Amino acid sequence: LSKMTDVVTSDSSVVPIEDLSTVLELLKDVDASAYTIPSHDSKIFKDECMLCYVTPYHPGGLYICLKTFTAFCESHLKDNSEKRSRNVYLQLKSKKVRDDTEEPREKIKRLAIGVDEGFCNEKMDVEDEYHVVIYPRLTTRVPINLLSSLPIGTTCERIATTTSAERLELLQGASNAWDGEMKQVTKHVDLKQIDNPPKLLMSGWTCDVESCDLKENLWLNLTDGAIRCGRSQIIGDGLRSKGNNHMKMYYEESKHPLVVKLGTIEENGVADVFSYDEDDAVTDPNLEKHLSHFGLVMKEMKKSEKSTVELELDMNQKWEWAQCQEDGENLETVYGPFHTGIINIGSSCYINSVIQALMSIPDFVTILGENGSRILDDVDPTEMNESIVGQIAKLFSSLSSGNFSKPPPNNEFNGVKPTQFRKVIGKGHAEFSTCRQQDAEEYLRHFIDKLTTHLSPAFGDPASALRFKQQVRLVDEASNHIRYTMKEEYVLALAIPKTSLVPVDNDAVRFSVPLTDCISAAFSEEYIEGFKSPVTGETKGARTAISMATFPDYIVLQIQRFHMGDDYQVKKMDVDVLVEDEIDLSPFRGAGAQPGEELMPVDEGIDEKIVSELSTMGFSRNASVKAFLATKGQGLEGATNWIMQAIDDPTLNNPPQMESSSSREEKWNVEDVNQLIAFGFTLNQARYALKKEQDVNSAAEWLFTNAESVPEEIKPANEVPKETRDGDGRYKLVSFISHMGSSPHSGHYVCHAIRDERWILFNDEKVAVSKNPPKQLAYLYLYKRI
């Protein structure tokens, strides 16, 4: 580095020719430990900064570490270099070009795969510039084509020519992401191919049909080597790809089923393969062998076209939901910290709205945003794309910074696109791992669960601002004995009391209901039929009611607008909720056991909370105790499963013997469970209802009126208690999430939130001052304690 000062000037952008030999000599002496030559399995990250949402298209581009193949913007480069002793980088700067002029040698042109315009314009290309830099001398840049004779040049070339890990992951999981099913291996793995096959050229193909001269969207029949064009596809607004569907016609004549799209084949075996008789996109493990039958060498083939999945993926990413931002109003766009939009990446408005609402809570902003660098420092850059806490901190810190929300003329890169955030938070979940629309309330709970599970307590607990305890009071009608239990909550669910509905118009087509009536109804007493007294043994039912045991700093209210119609389809109650900006929940605070009250007996060695929850469901005291004893350590769900399996046991209600027995094996109809989840219920609710009812329709009907009575999933007994805050019960509205559409799994979500004492509309990437916040239409309300 001391030698390099001889050739660096403060304003230089590329090494002067007369100094080139000096720099090349220096690069020859770069320690081999400073870079690694990528293998075919190496993951190369070059789509965006590991720690924020800067891309190669931003000014300055990205700096790819030649050791770990992780990318950083210039702002985050310093920390990575100094903390991890990395100093050799490959700078990537990209721009979109629309001409066919020949470019300088150091510029690499590629197809606009992954770029918004994609193939909507045939002349669309991306121009990539790659230069080697040695930190901190970033102004001296060496074009990689001058390094071909050096080992470091091999590293640079492979990085430049390899598809990024982000893009590969997106494409390989795209089928799963959009339709919830992974591609299946074709049944034609051992495809019988014709003898004496034609030998095909490695490029320059044309459709075999004489009247068709198409040279794109071509498919190869893997049985006999026939080449035909595919069908025309919509690839943009009013634009279609070229194609005359000749391969489909050929299949109908020949019945040769397996085809591959020629321009999509990559050396690693990724390709667009379709099986006509399986009527689906498939994978072909023997693709290399099948191609070689016609003289095609897979490892030498280069990708030149988008696959069907890519075309569909880009269309989903560009999909514009119906405008819902206060029709007829000319809204003022706003910029800066906390006014950053989140780009819709395919039915992701429910995620965007939940995150924007949480940005109203200082705990989330401070711990995950303003101090998010502490969390990011704790994550190895090579693990960032799979790190739950890393992706959370990346998103919240970028939303807080204002770096992606700038006024014109510097607004070219506004908005963030949290593709990996969505992936890691939804990974493994039956619904959130897909790109279908979902329920915002369910996602809020899911996100908080992921956050509290994976975020180290050393960083703080932002969810404690929302967490509260409810007191459940159950009165045994037979004995008047009382049982008190506590449960943890993040959302106060409010059913719409039909007795409080008031017609908005003379035709009684639309109704309104006061929010205060919904709140009062939630805390009112309910009667439980079939409850058997643990004191007298009589079955006279019980009365139960919830109350607030603690008041959190912020509280989420959910208006339960969705219900099941007579046709077992989810329907939405389009009711105007008369919302007050300030509410007082103080009258609903629980007081606990009172003098003179007789409590239900507690057995020594028995977890009374689990037993009481089972008794609340209508099971006898003896059966509930047996269930607990048989499933010690498995919590309420384990006990519930056991008792439902044993429901036909004639000895179930006999006095228990104080010894445990093994729980029975769970058996669930996966299709029924998934159907209930599709209605918007949780996995726990679906399983419970299917145990209680005989079929899925009855279970769904029961859930729409009794979902809140389903016992919560109990965490392990040795889990550290989570913090709950308490204070005054008066609250002020600071944010709300609205839903447009007939189902929580369709339509569109937007968020309104108070920023700098004015209401702001967050409609995906659009952020503007709201003139008429539609408070009466909201689904979720966020209130702040006064």
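**Notes on the predicted model**

1. Leaving aside residues up to four places away in sequence, Cys349 touches Asn344, Gln437, His748, Tyr749 and Asp764. The model is a predicted one, and these contacts should be read accordingly. Cys349 lies in helix 9, which spans residues 349-358, and Cys349 counts as buried because its relative accessible area is 0%, under the 20% cut-off.

2. A search of the whole structure returns 24 salt bridges. One of them joins the side chains of Lys394 and Glu48, at 2.8 Å from N to O. Lys394 belongs to helix 12 (residues 388-401) while Glu48 sits in the loop between helix 1 (20-28) and strand 1 (62-65), so the pair ties together parts that are 346 residues apart in sequence. Both Lys394 and Glu48 are buried.

3. A further salt bridge is formed by Lys303 and Glu266, whose closest N and O atoms are 4.0 Å apart. This pair links distant parts of the chain, 37 residues apart, with Lys303 in the loop between helix 7 (287-292) and helix 8 (308-318) and Glu266 in the loop between strand 12 (258-261) and strand 13 (273-275). Lys303 is partly exposed, at 24% relative accessible area, whereas Glu266 counts as buried at 10%.

4. Asp363, Asp553, Glu723, Arg725 and Arg785 are linked in a network of salt bridges.

5. An open sheet of three strands has the order 18-19-25 and mixed pairing, with strand 18 (502-503) and strand 25 (575-578) at its edges. Strand 18 runs antiparallel to strand 19 (residues 511-514), the two being joined by two bridges, and Phe511 in strand 19 is the bridge partner of Pro503. Helix 15 (residues 515-522) packs on this sheet, touching strand 19 and strand 25, and its direction makes about 60° with that of strand 19.

Technical notes
Residues are numbered from 1 along each chain as its sequence is written. This is a predicted model: local features need pLDDT of at least 70, side-chain atom pairs count only at pLDDT 80 or more; totals for chains, interfaces and linings use all residues. Side-chain values use heavy atoms; hydrogens and water are left out. Two strands pair if DSSP finds at least two bridges between them. Helices (H or I, at least four residues) and strands (E, at least two) are DSSP runs, numbered from the N terminus. Contact means heavy atoms within 4.5 Å. Axes are lines fitted to C-alpha atoms, for helices over the stretch in contact, and angles run from 0 to 180 degrees between N-to-C directions. Buried means under 20% relative accessible area, exposed over 50%, partly exposed in between (1.4 Å probe, protein chains only).
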